[in-house]
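The following exercises are to be worked through with the sequence and the structure at hand. Each task is followed by a solution in steps.

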Amino acid sequence: MTILVTGARGNIARSLVRQLLAAGLPVRAAGRDPAAAHLPDTVEVLRADLADPGTLGPALDGAGCVFLYAERQGLGGFAERARAAGVEHIVLLSAAGADASSTDPIARLHGEAEETLAHSGIAWTFLRPGGFATNALQWADAIRATGTVRDPFPESWGAPIHEADIAAVALCALTEPGHEGTAPVLTGPERLTRRRQAELIGDAIGRPVAVDRQDLDEHRRDLARWGPPEVAEALIRHAVAAVDAPPPVTGDVQRVTGRAARTFAAWARDHAGDFR
């Protein structure tokens, strides 16, 4: 049966599709803008929007498993249509700390998505990554132009995870038995500050990357791309808290895949072209 990968434009979805193809498995991709997915021509890419139920039928036709991004709208309707189409397992990209009762909007969104699928009648796996290494791509324009990163919290710690590792865990969950009903918490293998992340990007591109402390109001304006003000404020609270309380590092990537998680330095080398 076909494996459906939604959110076809996303970094994790694209990595997962490539890994499924490498494994010789049947895969279909779907997203709101198929032309923007930039996937191999051999991959069927369909338009599907959770908020537009009329687009879901062709994407779900013949799909046995689904990789799904948490969406604000349409998740319940998607689950109903997936069950009717015979989908047996959904792997949801959730988030560390997901909790439907949380006052934090990011944790609440992902917790509500988890609850919807937990009551859908379809077997589920929730992937709960912490910070994405790809968040550093927000620095790409500045690094290319000036060689400088501007951030209000350069000493904030994280354990950023490579998108290929999230995809590798998803691959295992979608294709191996025993992952149903689990919720692995996914991190990179090490803690490092945002300042150190910038230094490692500099190492990858062969020229130093400086870090300037950004004005907080300017940073708030930059965060507007991630969602409404309450999301921006949540991201700021997380960054402040992580200055004095580095997040935990888990071994769930290795436990699931049998291979250690990639380092941020490896991620920076993989994405050096984005910063040159």
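**Exercise 1: Burial of an aromatic residue**

Decide whether Phe275 is buried or exposed in this predicted model.

*Solution.* The relative accessible area of Phe275 is 0%. The limit for a buried residue is under 20%. Phe275 is therefore buried.

**Exercise 2: Aromatic pairs**

State how many aromatic pairs the structure holds, and classify the pair of Trp267 and Phe275.

*Solution.* The structure holds 4 aromatic pairs. To describe a pair of aromatic rings, one gives the distance of the centres and the angle of the planes. For Trp267 and Phe275, the ring centres lie 6.0 Å apart and the planes stand at 70°. Planes over 60 degrees apart count as edge-to-face, so the pair of Trp267 and Phe275 is edge-to-face. Ring pairs also join these two residues with Phe264 in a cluster.

**Exercise 3: Packing of two helices**

Describe how helix H1 (residues 11-22) packs against helix H6 (residues 163-175).

*Solution.* The axes of H1 and H6 are 8 Å apart, and the angle between the helices is about 55°. This angle makes H1 oblique to H6. The crossing of H1 past H6 is right-handed. On the H1 side, the contact residues are Asn11, Ile12, Ser15, Leu16, Gln19 and Leu20; on the H6 side they include Glu163, Ala164, Ile166 and Leu171.

Conventions: Residues numbered from 1 in each chain as written. Predicted model: local features only at pLDDT ≥ 70, side-chain atom pairs only at ≥ 80, totals over all residues. Heavy atoms only, no water. Axes fitted to C-alpha atoms, helices over the stretch in contact; angles between N-to-C directions. Helix = DSSP H or I, 4+ residues; strand = E, 2+ residues; numbered from the N terminus. Parallel < 35°, antiparallel > 145°, perpendicular 65-115°, else oblique. Left-handed = near helix turned anticlockwise from the far one by under 90°. Contact = heavy atoms within 4.5 Å. Phe/Tyr/Trp six-rings, centres within 6.5 Å; stacked < 30°, edge-to-face > 60°. Buried < 20%, exposed > 50% of the residue type's maximum accessible area, 1.4 Å probe, protein only.
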